[in-house]
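Thanks for coming, everyone. I'll keep this brief. Let's have the structure up, please.

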Amino acid sequence: MNSSVKLNHSSNPQESKILAVIIDLDGTLLDTGLISSISSLNFNTIVMDSFSFWVFHVFVFVSERCGKEVLKEFLAKYGKELVKEREACKRVGATHKESSAAIVKDYDLPLTPHQYTNEILPMYRAKWPLAKPLPGANRLIKHLHKHGVPLGLASNSIKEYIEGKISHQQGWKECFSVILGSDQVKSGKPSPDIYLEVAKRLNVDVASCLVIEDSLVGVRAAKAACMNVVAVPPRSEADSSSIADIVLHSLLEFQPELWDLPPFEDWIDNALPLEPIHVKVQYRDGSVWENTEDEISVIPDQVYGVYFGWTKVDKRIMKIVVSIGLQGTAKRNIQMCIVDESTEEIADQQMELVLVGYIRGFNSEGTLAVDSEICKVDKPIASKSLDLPMFMHHFLQED
């Protein structure tokens, strides 16, 4: 078993044979950078008309980074500037109507909240094609589809927007036998309705369904439907860990064989090929610091573990091993080792890391307690792998 997989001992992941897999979209497969405050919303006090209902689902699943960018652009149209300090305090627990009214009031916009919603929605929608698959998402979908495992997609977004998002991901729509949005059932997550309906349409018993989720409301919905659940939560949704059957930091850690599903066969010795991940960092005094936006990490939480790839230093292309862990609520803990060369003569500078392979997760819970040992253990794997054409090919395309 992958040492970074957390198994809740009260659960038995092989109690029922898994015949179908149902996956959430935002934050699980796609990096839409979900606002985690949905988990703290009081659903019992939200009363909305049909218009506000679907707008609520659009707004509640907007990225923190994307949200600030869009709001900044929107405010500029009215000669206003984004107040970072104010927006840093997210309107947690507010309904969409309350949030819209607050923004209109805070920035003295010449609009009603309803007009504000109508104008800003297309701007958010325009960002969705830029959403990228999270590490391991394409691999998982294609693997299960290849082996004939029925796949369902269950999202709290409405169906129209689900299809809009996945239309930009090659082959995804064809891989899912059922695609369901919250507007197609009586109640969205955390109600079990959407998962029960997907299982019904797949013609699979709920006990034989495996759900993969990132949020607490999603895990609650799946458990309420009496399904097995794998959680891949960001730091903001850590509460979901307590009720899921298995908790992962990344889809790259998913082990199908734990559920009697066909195992992956794409490892090359001890290395897993990846779609390139680009990370911009500042190298200073022998340490690596992530380039953040407003002190917020731009690296998805699911980019976690030990990777290898390439960087360019003083026009020299170098092999690297990189460990990426979690540090607090905003920044990432990044360690970098140059393979086959010394870092002593590297001047302080901006770097772009191109990660093309994955080695493993960590033994520790979200920290890098064994930082000093990581590169010693993983350097030989990286060095050997980066001599293979498939890993060189990725980098040369980016150069």
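Leu153 stands opposite Ile179 in S6. Keep in mind that this is a predicted model. The two strands here are S5, residues 151-155, and S6, residues 178-181. They run parallel, and four bridges join them.

Now look at the faces of S6. Val178 and Leu180 point one way. Ile179 and Gly181 point the other way. Buried or exposed, these residues of S6? They are all buried. So Ile179, the residue opposite Leu153, is buried by the cut-off of under 20% relative accessible area.

Follow the chain out of S6. The loop between S6 and helix H9, residues 193-202, holds Pro190. The bond to look at joins Lys189 and Pro190. That peptide bond is cis, with omega at about 15°. In general, most peptide bonds are trans.

Next, backbone angles. Most residues other than glycine have a negative phi. Two residues here do otherwise.

Take Cys226. Its phi is positive, about 65°, and it is not a glycine. Where does Cys226 sit? In the loop between helix H10, 216-224, and strand S8, 228-231. Cys226 counts as exposed because its relative accessibility is 56%, and the cut-off for exposed is over 50%.

Then Asp260. It is not a glycine either, yet phi is positive at about 60°. Asp260 lies in a loop too, between strand S9, 246-247, and strand S10, 272-284. Its relative accessibility is 43%, so Asp260 counts as partly exposed.

On to helix H5, residues 113-127. H5 has 15 residues. From first C-alpha to last, the helix reaches 21 Å. That is close to the 21 Å expected at 1.5 Å a residue. But H5 does have a kink. Where is it? At Ile120, shortly before the proline Pro122. The kink is about 30°. Ile120 is also one of the buried residues of H5. Others in that set include Tyr116, Leu121 and Met123. Lys127 is buried as well.

Last stop, Gln335. Gln335 is in strand S14, residues 331-338.

Over to you for questions.

Definitions and conventions. Residues numbered from 1 in each chain as written. Predicted model: local features only at pLDDT ≥ 70, side-chain atom pairs only at ≥ 80, totals over all residues. Heavy atoms only, no water. Expected span 1.5 Å × (residues − 1). Bend = angle between axes of the 7 residues up to and from the residue. Buried < 20%, exposed > 50% of the residue type's maximum accessible area, 1.4 Å probe, protein only. Pairing = 2+ DSSP bridges.
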